[in-house]
Amino acid sequence: MITVAADRLAVFQRLFVLIAGVWVGSLFTVGYLVVPTIFTNLQDRQVAGMIAAAIFQAEAYVSVLVCVALLLMANTLIKRNIGNYRSTRWVILVLLVISAMTCFGFIPYMNALRQEALLLGVPVMASQSASLFGRLHGISSGLFLIQSLLGLWMVWRLTRHPRNP
């Protein structure tokens, strides 16, 4: 009976690492492969920006959902005294805060600025809101870099040999 419970916890722990790894991989794929490729291959930067914004928005929603799921899973693992998930839980909480700020703060604000400029018939970078948009873009880019590197560090740490958590 004990081995069945231990096996289930081991599968749960491996599922945690798998979900975290796939999610962090999606961050790197979107942010450092897909979006730069879009800007490289499309002539119209406004269209490329709109496509990139839609992709980042989808990634942000996924990030919030994954972080909530990982947080719940980490709590379960902590209650079962499995591994060193207390510090991992704090990392996930930081990742969740970054994801929520991006998803419900920066992206909608930047989309509103872009939409306002389009209604005036100009690209956002040629509008009166260009400097604000640029600052928001810079902050959100910095947060994305922090999120992707922190996520990578978390996955790297989670995949260490189990005897050295």
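Predicted model: local features only at pLDDT ≥ 70, side-chain atom pairs only at ≥ 80, totals over all residues.
Residues are numbered from 1 along each chain as its sequence is written, and side-chain values use heavy atoms, with hydrogens and water left out. The protein has four helices and zero strands.

**Overall build**

- From the N terminus on, the elements run α-α-α-α. Helices (H or I, at least four residues) and strands (E, at least two) are DSSP runs, numbered from the N terminus.
- The radius of gyration is 19 Å, well over the 15 Å that the globule rule gives for 165 residues, so the protein is more spread out than a compact globule. The radius is taken over C-alpha atoms, and the globule rule is 2.2 Å times the number of residues to the power 0.38.
- Along its principal axes, the C-alpha trace spans about 70 × 30 × 25 Å.

**Surface, burial and charge**

- Of the 165 residues, 37% count as buried. Buried means under 20% relative accessible area, exposed over 50%, and partly exposed in between (1.4 Å probe, protein chains only).
- The accessible surface comes to about 9,900 Å², and 69% of that belongs to carbon and sulfur atoms. Areas come from the Shrake-Rupley method with a 1.4 Å probe; for residues, only the protein chains shown count as cover.
- The protein carries 12 positive and 4 negative charges, and their mean positions are 19 Å apart. Lys and Arg count as positive, Asp and Glu as negative; His and the chain ends are not counted. The place of a charge is NZ of Lys, CZ of Arg, CG of Asp or CD of Glu.

**Aromatic pairs**

- A search of the whole structure finds five aromatic pairs. Rings of Phe, Tyr and Trp (its six-membered ring) pair if their centres lie within 6.5 Å; planes under 30 degrees apart count as stacked, over 60 as edge-to-face and the rest as tilted.
- Phe56 is partly exposed at 26% relative accessible area, whereas Phe144 is buried at 12%.
- Tyr61 and Phe104 are also edge-to-face, because their ring centres are 6.3 Å apart and their planes are at 65°.
- Tyr61 lies in helix 2 and Phe104 in helix 3 (residues 85-119), so this pair ties together parts 43 residues apart in sequence.
- Tyr61 is partly exposed, with a relative accessible area of 39%. Phe104 is exposed, at 54%.
- Phe56 and Phe144 also belong to one aromatic cluster, together with Phe28 and Tyr32.

**Residues of helix 1**

- Trp23 is found in helix 1. Its relative accessibility is 3%, so Trp23 counts as buried.
- Leaving out residues up to four places away in sequence, Trp23 touches Glu59, Val62, Ser63, Val66, Cys67, Leu95, Ser99 and Gln147.
- Gly25 is partly exposed, at 31% relative accessibility.
- Gly25 and Ser148 are 123 residues apart along the chain, and their C-alpha atoms are separated by 8.8 Å.
- Arg14 has its place in helix 1 and counts as exposed, at 66% relative accessibility.
- From Arg14 to Ser99 the C-alpha distance is 23 Å, and the two are 85 residues apart in sequence.

- Ser129 is found in the loop between helix 3 and helix 4. Ser129 is buried, with a relative accessible area of 12%.
- Not counting residues up to four places away in sequence, Ser129 touches Leu113, Glu116 and Val124.

Note on methods
Contact = heavy atoms within 4.5 Å.
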